[in-house]
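I opened my notebook on this one to keep track of what I looked up. Have a look alongside me.

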Number of protein chains: 2
Amino acid sequence: MRTLAFAAALCLAVPAFADPLPSWSDGDSKTAIIDFVTSVTDPASDAYVTPADRIATFDNDGTLWAEQPVYFQLFYALDRLRERAAADPSILTSDALKAAAAGGMETLMAGGQEALIEVVDATHSGMSVEAFQADVRDWLATAQHPQTGMAYDDMLYQPMLELLSYLRDNDFQTWIVSGGGVHFIRAFAEEAYGIPPQQVMGSAFNTRYEVVDGKGVVIKEPGIAFVDDKAGKPIGIDSRIGKRPILVGGNSDGDFEMLEYGDSGDGPFLGLIVHHTDGTREFAYDRDSAVGKLERGLDEGPERGWLLIDMAGDWDQVWPSE
Amino acid sequence: MRTLAFAAALCLAVPAFADPLPSWSDGDSKTAIIDFVTSVTDPASDAYVTPADRIATFDNDGTLWAEQPVYFQLFYALDRLRERAAADPSILTSDALKAAAAGGMETLMAGGQEALIEVVDATHSGMSVEAFQADVRDWLATAQHPQTGMAYDDMLYQPMLELLSYLRDNDFQTWIVSGGGVHFIRAFAEEAYGIPPQQVMGSAFNTRYEVVDGKGVVIKEPGIAFVDDKAGKPIGIDSRIGKRPILVGGNSDGDFEMLEYGDSGDGPFLGLIVHHTDGTREFAYDRDSAVGKLERGLDEGPERGWLLIDMAGDWDQVWPSE
């Protein structure tokens with residue numbers, strides 16, 4: 001009996017002493033996260049939240065994985081455009097497509113939003129969702145980031161992976177709410193983050209349902225169905241989850257309304273903004289960045305009680321492979 | 001040790017002998033359901049499906065609760081239109097609204113889809129999602145079905161409640177995929193069916209995000225954002241779940257594409273069609289019904305291997321209160 005009791009005590013004790021966030025440096029940010037999770041999971045606390053209401057939502061680009069020099073989904077689109085055009089130049093049906101295929105990412109970015117949508121439309125439509133996602137996984141298996149040389153899906157933030165696990169260990173549901181494409185993110189989110197497809201929402205192009213050889217399939221179509229950015233994030237959360245998140249993580253002003261919406265609930269709330277302060281290990285950017293611009297969150301976040309995560313100071317490790 | 005082993009054996013044995021579907025009469029339908037669940041949950045079976053892929057989707061109106069003489073949401077809309085018009089007749093801004101308020105359900109139904117949308121728009125917009133759902137719950141607490149005199153949320157199908165529980169006990173995720181309004185259904189789905197809001201999808205009107213008195217809220221607006229019926233059901237499932245369901249329950253031709261989509265996956269599939277054959281305890285209707293018309297499913301369902309649930313013969317009990 002003594003042995004059994006000792007073993008039981010040991011089992012109970014281990015989680016309490018193990019550091020759930022080993023890549024986070026000891027300091028205010030880590031303490032604030034652990035204090036929040038401890039209080040909302042303690043039935044004796046005034047801040048206690050039942051497991052069913054422990055909803056945590058996270059932006060993806062710049063929050064869970066990197067987003068510089070441009071969103072990784074655009075590298076996929078451009079790579080595929082060039083490959084397909086090499087095989088069949090007739091797919092380049094507009095000046096914007098021709099320019100992007102010839103000039104590369106700088107030309108594409110200089111073309112503005114219209115050119116971007118054309119390239120994404122051309123590479124993200126005309127196939128089943130399953131075929132598209134298989135292709136994204138093929139691409140991720142070999143593509144390399146132009147500056148780091150790393151695989152894109154190795155450029156996840158280790159501290160955020162630990163945070164996701166820590167939250168799930170405490171009966172949170174972890175969701176992705178991204179301005180990126182929902183089908184694109186679902187192609188790797190389960191393996192990368194442990195987040196199943198039904199907990200990934202994102203921007204979406206149109207789809208249609210069709211019976212092909214007797215099988216019902218959903219086909220990706222051109223044209224935007226939903227933009228999951230700024231006010232679209234709370235609208236998407238209402239539509240998909242139907243509950244306000246009690247923890248929200250973001251990094252840009254595209255996440256401001258999602259943070260504000262979570263913070264407008266009746267109960268406890270923790271807002272996190274990943275501030276890209278580390279130009280050595282990652283990329284340093286905020287107010288003036290074309291991608292992941294952070295201005296309002298920087299000005300108003302702290303006074304609203306949202307935590308600014310200082311990547312340089314708060315994170316002992318950035319990439320899982322370090 | 002002997003005592004412990006006996007207790008353990010007893011614990012394991014009880015679920016195997018308890019009837020998980022006591023309101024279903026013994027027969028082919030009940031056997032087919034139990035055989036399916038047993039095979040997909042048995043790791044030694046060729047038909048084994050991992051818990052993460054055990055997705056079950058159900059239509060709501062006519063599948064989980066009744067839908068005659070018209071969808072219950074329309075009674076809500078008409079009740080609220082009349083109450084509000086009594087307090088302020090100026091809200092009746094069109095002939096269709098005036099006619100519906102004066103003439104009642106028959107007049108409303110005779111006005112066709114345009115009149116319906118006008119009445120639903122007028123009663124389902126201009127308030128926050130939270131205020132709308134509180135109002136739906138208030139209505140459900142006192143409203144009575146015109147023919148049975150029962151509360152609408154007592155007109156759930158007991159055999160389907162048992163099926164939902166049985167599936168969840170076997171690590172299925174149970175989802176509602178309804179042509180009805182998503183905010184309307186979420187107002188009662190958790191209490192009625194044990195299905196949380198994030199597993200309820202339905203048709204949706206537009207919404208907007210607004211900051212009111214410093215709080216971010218989602219406001220219901222007029223205008224249809226998504227019709228979750230027919231081909232809209234697989235499109236919605238792809239958008240919201242990202243996996244094909246392995247079990248689909250419906251009752252009308254609005255569910256045909258959802259059944260077909262689930263049945264088009266690579267693994268095992270069970271399709272269920274609730275056939276309303278019981279004019280005594282419930283309502284008898286199929287091919288000729290204005291609400292819940294079932295024709296293609298009746299003709300093609302059996303040859304596709306989908307189970308036609310004969311409400312009169314397969315269900316020993318219809319309502320929970322019997």
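How many of the nine residues of helix H10 (residues 232-240) of chain A are buried? Nine of the nine are, so H10(A) is largely enclosed by the rest of the structure. I count a residue as buried if 20 or more other C-beta atoms lie within 10 Å of its own, as exposed if 12 or fewer do, and as partly exposed in between, with C-beta atoms placed from the backbone. Helices (H or I, at least four residues) and strands (E, at least two) are DSSP runs, numbered from the N terminus.

A note on the source: this is a predicted model, where local features need pLDDT of at least 70 and side-chain atom pairs count only at pLDDT 80 or more, while totals for chains, interfaces and linings use all residues. Residues are numbered from 1 along each chain as its sequence is written, and chains are lettered from A and ligands numbered from 1 in the order in which they are written.

**Entry: around H10.** I listed the buried residues, among them A:Pro234, A:Ile235 and A:Ile237. After H10(A) I found A:Gly242, with a positive phi near 75 degrees.

**Entry: the interface.** Contact here means C-beta atoms, placed from the backbone, within 7 Å. I found 27 residues from chain A and 27 residues from chain B taking part. On the side of chain A that touches chain B, H10(A) gives the most, with five residues. That side divides into 14 nonpolar, six polar and seven charged residues. For these classes, Ala, Val, Leu, Ile, Met, Phe, Trp, Tyr, Cys and Pro count as nonpolar, Asp, Glu, Lys and Arg as charged, and the others, Gly among them, as polar. Of the interface residues of chain A, 100% are also interface residues in chain B, so the copies meet through the same surface.

**Entry: B:Leu247.** I located B:Leu247 in strand S5 (residues 247-250) of chain B. B:Leu247 is buried, with 24 other C-beta atoms within 10 Å. Leaving aside neighbours within four places in sequence, B:Leu247 is in contact with B:Ala56 and B:Leu270.

Notes: Two residues are in contact if their C-beta atoms, placed from the backbone, lie within 7 Å.
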